[in-house]
Amino acid sequence: MKKNNRRKILIFGITGFIATNLIKKLKNFRVIGVSRSQIKSLEGVENIFEYDEIANIKSLEYIDFALDFSSRVSVEEFVNSPIPTFNENVGISLRHLSLLNEIGFNGHYIYVTSDRAIAPNDKNDCLNDAKIKNDPYGASKFFSELIIQYGLELSGVKKTVLRFPNLYGVNQKSAQLLPTILSKISAGELKISLNSFEGNRNYLHVEDATDAILKFLQSPLDANSLCISGENIEITYILENIKKLFNKLTGKSLNFFEKNSVNKRSLYLIPPAVLDDQIFRKTYNWQPQVSIQQGLLELLRDGVNNAK
């Protein structure tokens, strides 16, 4: 029998938004999933295990990569309920570290995180004295990065942190800005209230993000961390484009209203406008292919079609 020489990937958060988009591109890899959900099969995935199936995971042959997407992601949920959501996210990383140790993982661990995890150095003499100004979601990812990097350093396991900005695309289920708007459009709403129109966001389409991850998997760089950036865009620009595209697709008017409430996000550190991803771009000859206009049009078509 011919030996299967495809490299094997263990994916945490296999049923999530990024992972399900990435799986379609992993034809040359053997994909194994770990999930908290009850989903037992996905196209392109050999097996999906629950966390208590350690013996089954341990029985697998050598695992080349562990790719970690598992996380709560809505900043709004973290701001409104900071302690339980923060604890949950940090707890996920501790759980994964324990599982990897138990199965004797010795491949390359890749932790997918957020630009909100970046904590600027205020020139403290001691890291212990640093004041973390990130929002609770970003802080949970920051501490998770530290836990994972230090824990795997003790085990001698190679690891890389990949930091992304706001990712978006169709079938995204979260309380973030674009998925929230799309869910309301799909529900037939023409008057949509949002917490705030202030500020800007760094956006990257999920197709570009998964292309970047695939390039890394095909030729892993020996780096503790890498950033992958998108395009920094004013929220008002995004909303205006959504209104124009919606009108073009349906002939109807879509209106946004700002809630008269305190914007709790303003209490926290704003993520960098852009991420320094020159190392990644030069190494992999990568750059985003999907413009924000193309991405928004794709989202609006999907939202309008689901509303019919």
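Modeller: Rings of Phe, Tyr and Trp, the last by its six-membered ring, are paired if their centres lie within 6.5 Å. The model discussed here is predicted.

Colleague: How many aromatic pairs does the structure hold?
Modeller: With ring centres within 6.5 Å as the condition for a pair, the number of aromatic pairs in the structure is seven.
One of them joins Phe86 and Phe143, with 6.0 Å from centre to centre.

Colleague: Which class does the pair of Phe86 and Phe143 fall into, stacked or edge-to-face?
Modeller: Planes over 60 degrees apart count as edge-to-face. The planes of Phe86 and Phe143 are at 85°, and the pair is edge-to-face.

Colleague: How many residues apart are Phe86 and Phe143?
Modeller: Phe86 belongs to helix α4 (residues 82-102) and Phe143 to helix α5 (residues 136-155). The pair links distant parts of the chain, and the separation is 57 residues.

Colleague: What does Phe86 count as, at 23% relative accessibility?
Modeller: Buried requires under 20% and exposed over 50%. Phe143 has 31% relative accessibility and therefore counts as partly exposed. Phe86, at 23%, likewise counts as partly exposed.

Colleague: Why is the pair of Phe280 and Trp286 edge-to-face?
Modeller: The ring centres of Phe280 and Trp286 are 5.8 Å apart. The pair is edge-to-face because the planes stand at 85°.

Colleague: Are Phe280 and Trp286 buried or exposed, and which residues form the aromatic cluster?
Modeller: Both Phe280 and Trp286 are buried. One aromatic cluster is formed by Phe216, Phe280, Tyr284 and Trp286.

Colleague: Where does the charged end of Arg95 sit?
Modeller: The distance from the charged end of Arg95 to the ring centre is 4.0 Å. The ring under that charge belongs to Tyr51.

Colleague: Which residues of α10 are buried?
Modeller: Helix α10 covers residues 292-307, 16 residues in total, and reaches 22 Å from first C-alpha to last, close to the expected 22 Å. Its buried residues are Ile292, Gly295, Leu296, Leu299, Leu300, Gly303 and Val304.

Colleague: How many residues of α6 are buried?
Modeller: The buried residues of α6 include Leu177, Pro179, Ile181 and Lys184. Their cover includes β7, β8 (191-194), β9, α8, β12 (255-258) and α10. Helix α6 is largely enclosed by the rest of the structure, because the buried count among its 10 residues is eight.

Colleague: What is phi of Asn171?
Modeller: Most residues other than glycine have a negative phi. Asn171 lies in the loop between β7 and α6, and at 57% relative accessibility Asn171 counts as exposed. Its phi is positive, near 65°.

Colleague: What is phi of Asn285?
Modeller: The loop between α9 (278-284) and α10 holds Asn285. Asn285 has 70% relative accessibility, over the 50% cut-off, so it counts as exposed. Its phi is also positive, near 50°.

Colleague: What radius of gyration does the chain have?
Modeller: The chain contains 10 helices and 12 strands, and its C-alpha trace spans about 60 × 55 × 40 Å along the principal axes. A compact globule of 308 residues would have a radius of gyration near 19 Å. The chain agrees with that, at 20 Å.

Colleague: What percentage of contacts between residues at least 6 apart join residues at least 24 apart?
Modeller: Of the 308 residues, 47% count as buried. Among contacts between residues at least 6 apart in sequence, the share joining residues at least 24 apart is 77%.

Terms used
Residues are numbered from 1 along each chain as its sequence is written. This is a predicted model: local features need pLDDT of at least 70, side-chain atom pairs count only at pLDDT 80 or more; totals for chains, interfaces and linings use all residues. Side-chain values use heavy atoms; hydrogens and water are left out. Helices (H or I, at least four residues) and strands (E, at least two) are DSSP runs, numbered from the N terminus. The expected span of a helix is 1.5 Å times one less than its number of residues. Buried means under 20% relative accessible area, exposed over 50%, partly exposed in between (1.4 Å probe, protein chains only). Rings of Phe, Tyr and Trp (its six-membered ring) pair if their centres lie within 6.5 Å; planes under 30 degrees apart count as stacked, over 60 as edge-to-face and the rest as tilted. A charge sits over a ring if NZ of Lys or CZ of Arg is within 6 Å of the ring centre and within 35 degrees of the ring normal. The radius of gyration is taken over C-alpha atoms; the globule rule is 2.2 Å times the number of residues to the power 0.38. Contact means heavy atoms within 4.5 Å.
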